[in-house]
Amino acid sequence: MSGGVSNVTVENVIVWNSRRAVRIKTAPGRGGYVQQITYRNLTFDNVRVGIVMKTDYNEHPDEGYDPKAVPLIKDISFTSIHGQGVRVPVRIHGSEEIPIKNVTFQDMSVGLTYKKKHIFQCAFVEGRVIGTIFPAPCENLDRYDEQGQLVRRSASQNTTDIDYDF
């Protein structure tokens, strides 16, 4: 992506026997934006990583790109995400240069195949969790109750717990 993507809704999708279910990838030098993206009613079955957002993909069409052109990634929501047999449900890998902003998770329950500590992984992301989700979200996200009242604000959006070993 080197232009822009906005105002997209992806809904009522089943992903099975896949390495990735949802992926947004970009890097410095790509520029543009990914914003106002809504994912709703997704089911994952036997998926290695459910949701991936990565800002250091480092793939460019040629050497003529501008490394100072950084993309904007914001306003991405995930509602009614369910599944089974998922190793890592969420891996959001923003960076200091390209933070990921205003990500929302609501009504999520994903059965796991891997019992490591950091299975909901985040770095340089800000956003919120509304209500209870499973597995437990990363510490980078604010917590709201079902009525939308703030329960706990995140201490830092820059904490990282990305683990590519699994």
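**Strand pairing, core and cross-links in a predicted model**

Isoleucine 37 is found in strand 2, which spans residues 33–54. The model is predicted. Isoleucine 37 counts as buried, because its relative accessibility is 4%, under the 20% limit. Val5, Ser6 and Val8 are among them. Asp75, Ile76 and Ser77 are also contacted by isoleucine 37. Valine 10 lies 27 residues from isoleucine 37 in sequence. In space, the C-alpha atoms of isoleucine 37 and valine 10 are 7.9 Å apart.

Leaving aside neighbours within four places in sequence, serine 77 is in contact with Ile37, Thr38, Tyr39 and Thr104. Serine 77 and threonine 9 are separated by 68 residues in sequence. Their C-alpha atoms are 9.5 Å apart.

The nonpolar interior was examined next. In soluble globular proteins, nonpolar side chains tend to be buried together. The largest nonpolar core of the model holds 31 residues. Within this core, Phe44, Ile76, Phe78, Val103, Phe105 and Phe120 touch the most other members. Strand 2 supplies the largest share, with eight residues. Ile76, one of the core residues that touch the most other members, is also a contact of isoleucine 37.

Strand 4 (residues 100–112) pairs with strand 6 (residues 125–130) in the parallel sense, over five bridges. In this pairing, glutamine 106 stands opposite isoleucine 130 of strand 6. Strand 6 also pairs with strand 7 (residues 142–144). The sense is again parallel, and there are three bridges between strand 6 and strand 7. Here the bridge partner of isoleucine 130 is tyrosine 144.

One disulfide was found in a search of the whole structure. The disulfide joins cysteine 122 to cysteine 138, with an S to S distance of 2.0 Å. The S-S torsion is about -75°, so the disulfide is left-handed. Cysteine 122 sits in strand 5 (residues 120–123), and cysteine 138 in the loop between strand 6 and strand 7. The two cysteines are 16 residues apart, and the pair links distant parts of the chain. Cysteine 122 is buried, at 0% relative accessibility. Cysteine 138 is buried as well, at 2%.

Side chains of opposite charge can pair when their charged atoms come close. Five salt bridges were found in the whole structure. Glutamate 11 forms one of them with arginine 40, with the closest N and O atoms 3.1 Å apart. Glutamate 11 lies in strand 1 (residues 4–25) and arginine 40 in strand 2, so this pair ties together parts that are 29 residues apart in sequence. Glutamate 11 is partly exposed, at 39% relative accessibility. Arginine 40 is partly exposed too, with a relative accessible area of 35%.

Lysine 54 forms a salt bridge with aspartate 56. The closest N and O atoms of lysine 54 and aspartate 56 are 3.9 Å apart, against a 4 Å cut-off for a salt bridge. Lysine 54 is partly exposed, at 24% relative accessible area. Aspartate 56 is partly exposed, at 31%.

A further salt bridge joins arginine 153 to aspartate 142, and the closest N and O atoms are 3.0 Å apart. Arginine 153 belongs to the segment after strand 8 (150–152), whereas aspartate 142 is in strand 7, so the pair ties together parts eleven residues apart in sequence. The two partners differ in accessibility. Arginine 153 is exposed, at 52%, whereas aspartate 142 is buried, at 9%.

How values were computed. Residues are numbered from 1 along each chain as its sequence is written. This is a predicted model: local features need pLDDT of at least 70, side-chain atom pairs count only at pLDDT 80 or more; totals for chains, interfaces and linings use all residues. Side-chain values use heavy atoms; hydrogens and water are left out. Two strands pair if DSSP finds at least two bridges between them. Helices (H or I, at least four residues) and strands (E, at least two) are DSSP runs, numbered from the N terminus. Buried means under 20% relative accessible area, exposed over 50%, partly exposed in between (1.4 Å probe, protein chains only). Contact means heavy atoms within 4.5 Å. A salt bridge is a side-chain nitrogen of Lys or Arg within 4 Å of a carboxyl oxygen of Asp or Glu. A disulfide is a pair of cysteine sulfur atoms within 2.5 Å. A nonpolar core is a set of buried Ala, Val, Leu, Ile, Met, Phe, Trp, Tyr and Cys residues joined through side-chain atoms within 4.5 Å.
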